[in-house]
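Please walk through this structure as a set of helix contacts, nonpolar cores and individual residues. The paragraphs below take these topics in turn.

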Amino acid sequence: MAMENASSNELAVQLVDVNKWYGEFHVLKNINLNVTPGERIVICGPSGSGKSTMIRCINRLEEHQKGKIIVNGIELTEDLKRIDEVRREVGMCFQHFNLFPHLTVLENCTLAPIWVRKMPKSEAVKIAMHYLERVKIPEQADKYPGQLSGGQQQRVAIARSLCMNPKIMLFDEPTSALDPEMIKEVLDVMVELAEEGMTMLCVTHEMGFAKLVANRVIFMDAGQVVEENEPHEFFDNPQNDRTKLFLSQIL
Ligand code: ADP
Ligand code: MG
C-alpha cells in the first residue's frame, strides 16, 4: 500500500506495534495503523474488541505500554506538554455526548476556546454560532443539553469539537445511543465533515456511512486488527472468518 511508504511526518496518525494491558488483560495487541491527512477510517468489530481503547489512546485518554503513537508528528509519551499539544489538534465525540449539563449549548461550545485557547468571548461566540449553524441548530444556542433530543445533543458535541479547530476528529460510536430517526441527522453532519477533507477515525457500524465516506474499514477482534480493506470489498467480500461472522450478525 502506498500509505506505508509515506514518511512519518506526513502522517496524521501513526500507530506502530501498539500494545496495551489493563492489569493482566492484553487489550491491544501489536496494532499498526497509518492514517494520512484527509483520510477517513472506519473501525468496527465486536463489543470488547478494543475499539474504544484504541481511539482513546490516540488522544491519551488511555496510555499504551508498548509501541509508538505519533499524532501530527508528535509522539505521545508521558510528557504532559506533548499530550496537551496533541489534544489541541484532536477533537473527540463519544457515544454519550458528554456535554456539560449545567451550561447552555452556546456555553458548552465557547468554554474551551475561551479558557484553553484564551480567545476573547465575542470571538468564541461568533465561532460557536458558525458551527451551530453548520450542524443546523443555531436556534438551540440558549437551551440546556437536557432540553434537546439525543440527535441534537450529539450535533452540539460535534460543533463543540469543531470550535477548537481540530485537525483530526475521533468518533466513538456517535450514533449508537440514538433513536433510529436521529441517526441520519448526525451522520449527515459527519458526511459533510468528511467531504470538507477532515481526517476522521470513526468507530461505527453504520455501513452506509462507511461505504459513502471511508477510505478504509478496519475490523478489530480480541485486540487485533484482523482485516482491513476499502469499504465495498470489506462489506461485500470479507476474507476473514471472524469478519464474516461479525457481518452476518450486524447486517
Ligand atoms: P470496544 O470499544 O471494542 O467495545 P473496549 O476498548 O471498550 O472495547 O474494551 C476492550 C476490553 O477492555 C473489554 O474487555 C473491556 O471490558 C476492557 N476494558 C475497557 N476499559 C477498561 C478499563 N478501564 N479497565 C479494565 N478493563 C477495561
Ligand atoms: Mg467501545
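Glu 173 is found in the loop between S7 and H6, where helices (H or I, at least four residues) and strands (E, at least two) are DSSP runs numbered from the N terminus. Although Glu 173 is not a glycine, its phi is positive, at about 45°. Most residues other than glycine have a negative phi. Asn 165, in the loop between H5 and strand S7 (168-172), likewise is a residue other than glycine with a positive phi, in this case near 55°. With a relative accessible area of 57%, Asn 165 is exposed, on a scale where buried means under 20% relative accessible area, exposed over 50%, and partly exposed in between, computed with a 1.4 Å probe and protein chains only.

The model is predicted, with local features requiring pLDDT of at least 70 and side-chain atom pairs counting only at pLDDT 80 or more, while totals for chains, interfaces and linings use all residues. Residues are numbered from 1 along each chain as its sequence is written, chains are lettered from A and ligands numbered from 1 in the order in which they are written, and side-chain values use heavy atoms, with hydrogens and water left out.

Two packed helices are described by the angle between their axes and the distance between the axes. Here the axes are lines fitted to C-alpha atoms, for helices over the stretch in contact, and the angles run from 0 to 180 degrees between N-to-C directions. How do H5 and H6 pack? They do so at an angle of about 20°, with their axes 8 Å apart, and H5 is therefore roughly parallel to H6, given that angles under 35 degrees count as roughly parallel, over 145 as roughly antiparallel, 65 to 115 as roughly perpendicular and the rest as oblique. The crossing of H5 and H6 is right-handed, a crossing being left-handed if the near helix is turned anticlockwise from the far one by less than a right angle, and right-handed if clockwise. On the H5 side the contact (heavy atoms within 4.5 Å) is made by residues including Gly 150, Gly 151, Arg 155 and Ile 158, and on the H6 side by residues including Met 182, Val 186, Met 190 and Leu 193. By class, the residues of the contact of H5 with H6 divide into seven nonpolar, four polar and two charged, where Ala, Val, Leu, Ile, Met, Phe, Trp, Tyr, Cys and Pro count as nonpolar, Asp, Glu, Lys and Arg as charged, and the others, Gly among them, as polar.

Met 182, which lies in helix H6, is buried, with a relative accessible area of 16%. Leaving aside residues up to four places away in sequence, Met 182 touches Ser 149, Gly 150 and Gly 151.

Helix H3 (residues 105-115) takes part in two further contacts, one of them with helix H4 (residues 121-134), at an angle of about 125° and with the axes 9 Å apart. H3 and H4 are therefore oblique to each other. Val 105, Leu 106, Cys 109, Thr 110, Pro 113 and Ile 114 in H3 meet Lys 121, Ala 124, Val 125, Ala 128, Met 129 and Leu 132 in H4, and the residues of this contact divide into 10 nonpolar, one polar and one charged. The axes of H3 and helix H5 (residues 150-162), by contrast, come within 8 Å and cross at roughly 25°, which makes H3 roughly parallel to H5. In that contact Val 105, Asn 108 and Cys 109 of H3 are paired with Val 156, Ala 159 and Arg 160 of H5.

In soluble globular proteins, nonpolar side chains tend to be buried together. A nonpolar core is taken as a set of buried Ala, Val, Leu, Ile, Met, Phe, Trp, Tyr and Cys residues joined through side-chain atoms within 4.5 Å. Of the 47 residues in the largest nonpolar core, Leu 132, Ile 158, Phe 171, Met 190, Met 200 and Phe 209 touch the most other members, and helix H6 (residues 180-195) gives the most to this core, with nine residues. Met 190 touches Ile 158, Phe 171, Pro 174, Met 200, Cys 202 and Phe 209, again not counting residues up to four places away in sequence. A second, separate core of 29 residues includes Ala 12, Val 27, Ile 31 and Leu 33.
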